Amino acid sequence: MDDTLKSKIEEMVNGNDVFLFMKGTPEQPMCGFSAGVISALNQVKAKYNTFNVLSDPSIREGIKEYTSWPTIPQLYIKGQFVGGHDIVMQMLQSGDLATKTN
Amino acid sequence: MTLDEIKNKIQSGLPGSEVEILDPFRDGVHIKAVVTFDGFHEKSILEQHRMVYATLKEELKEEIHALGLETKTP
């Protein structure tokens, strides 16, 4: 992965406590899994920022390589990759999501 | 790619695993795999999911749009 792309990604994940790469926007998610993660974050009243991967194919592919994780959405908390939709749902149920995002 | 092919792919990558493929919306697209595997012991959920994704590396690039995962130990 080229350095410019990598630093762009690092800037996003390190510059925000809770950061989500998703398809679409929080107001208008373009995929059911992205919508699910947004709804989970809203339920725990997390403050988050997002990036719409549909707006930039290089980030869309780059983020998969960056984390070695093949799917989107991808959630980061304090610079650490946390997981995709299913993991976020499990964390919501266990209460971990609320603890970690607040 | 059929649901059976996905199942076989996961099972050959994680020998001895039990795999159930669900198609909750009956669209063949938003599928879910429930994988029970001894090798998940003492691995984090993140690692467990990574292990399953690794068996479908190529397929996830193109053919599989969305794969929900649930991982368990026997």
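1. Setting aside its neighbours within four places in sequence, A:Leu75 is in contact with A:Leu20, A:Val37, A:Val82, A:Gly83 and A:Val88. Please keep in mind as you read on that this is a predicted model.

2. What is the setting of A:Leu75? A:Leu75 is among the residues with the most contacts inside the largest nonpolar core, together with A:Phe21, A:Val37, A:Val53 and A:Val88. That core has 26 residues. The elements of chain A that each supply at least two of its residues are α1 (3–14), β1 (18–22), α2, α3 (57–67), β3 (74–77) and α4. Apart from this core lies another, of 12 residues, and B:Ile6, B:Ile10, B:Leu14 and B:Leu67 are among its members.

3. Next, follow chain A along β3. Strand β3(A) is joined by three bridges to strand β4 (residues 80–83) of chain A, and the two run antiparallel. Within this pair, A:Ile77 has A:Gln80 of β4(A) standing opposite.

4. A:Lys78 is not a glycine, and its place is in the loop between β3 and β4 of chain A. Is A:Lys78 buried, partly exposed or exposed? A:Lys78 has 13 C-beta neighbours inside 10 Å, so it counts as partly exposed.

5. Two more backbone details are worth checking on screen. As a rule, most residues other than glycine have a negative phi, and most peptide bonds are trans. In chain A, the bond that joins A:Ile72 and A:Pro73 is a cis peptide bond, with omega about 15°. You will find A:Pro73 in the loop between α3 and β3 of chain A. In chain B, look for B:Glu42, which is not a glycine and yet has a positive phi of about 60°. B:Glu42 sits in the loop between β2 and α2 of chain B. With 7 other C-beta atoms within 10 Å, B:Glu42 is exposed.

6. Now for chain B as a whole. Chain B has three helices and three strands, and from the N terminus on its elements run α-β-β-α-α-β. The radius of gyration of chain B is 11 Å, close to the 11 Å that the globule rule gives for 74 residues, so chain B is as compact as a globular protein of that length. Taken along the principal axes, the box filled by its C-alpha atoms is roughly 35 × 20 × 20 Å. Buried residues make up 23% of the 74 residues of chain B. Of the contacts in chain B with a separation of 6 or more, 49% come from residues 24 or more positions apart.

7. How are the strands of chain B arranged? They form an open sheet of three strands in the order β1-β2-β3, with mixed pairing. At the edges stand β1 (18–22) and β3 (66–72) of chain B, each with a single partner strand, so one side of each is left without a neighbour in the sheet. On average, and with direction ignored, neighbouring strands of this sheet are turned by 20° against each other. Strand β2 (residues 30–36) of chain B runs parallel to β3(B), and seven bridges join the two. One residue pair to find here is B:Val34 and its bridge partner in β3(B), B:Glu70.

8. Helix α2 (residues 45–55) of chain B lies across β2 and β3 of chain B, at about 125° to β3(B).

9. Finally, where do the chains meet? Eight residues of chain A are in contact with 12 residues of chain B. On the side of chain A that touches chain B, α2 (32–43) and α4 (85–94) of chain A are the elements that give two or more residues, and α4(A) gives the most, with three. The residues of this side of chain A divide into three nonpolar, four polar and one charged.

Technical notes
Residues are numbered from 1 along each chain as its sequence is written. Chains are lettered from A and ligands numbered from 1 in the order in which they are written. This is a predicted model: local features need pLDDT of at least 70, side-chain atom pairs count only at pLDDT 80 or more; totals for chains, interfaces and linings use all residues. Two residues are in contact if their C-beta atoms, placed from the backbone, lie within 7 Å. Helices (H or I, at least four residues) and strands (E, at least two) are DSSP runs, numbered from the N terminus. Ala, Val, Leu, Ile, Met, Phe, Trp, Tyr, Cys and Pro count as nonpolar, Asp, Glu, Lys and Arg as charged, and the others, Gly among them, as polar. A nonpolar core is a set of buried Ala, Val, Leu, Ile, Met, Phe, Trp, Tyr and Cys residues joined through C-beta atoms within 7 Å. A residue is buried if 20 or more other C-beta atoms lie within 10 Å of its own, exposed if 12 or fewer, and partly exposed in between; C-beta atoms are placed from the backbone. Two strands pair if DSSP finds at least two bridges between them. The radius of gyration is taken over C-alpha atoms; the globule rule is 2.2 Å times the number of residues to the power 0.38. Axes are lines fitted to C-alpha atoms, for helices over the stretch in contact, and angles run from 0 to 180 degrees between N-to-C directions.
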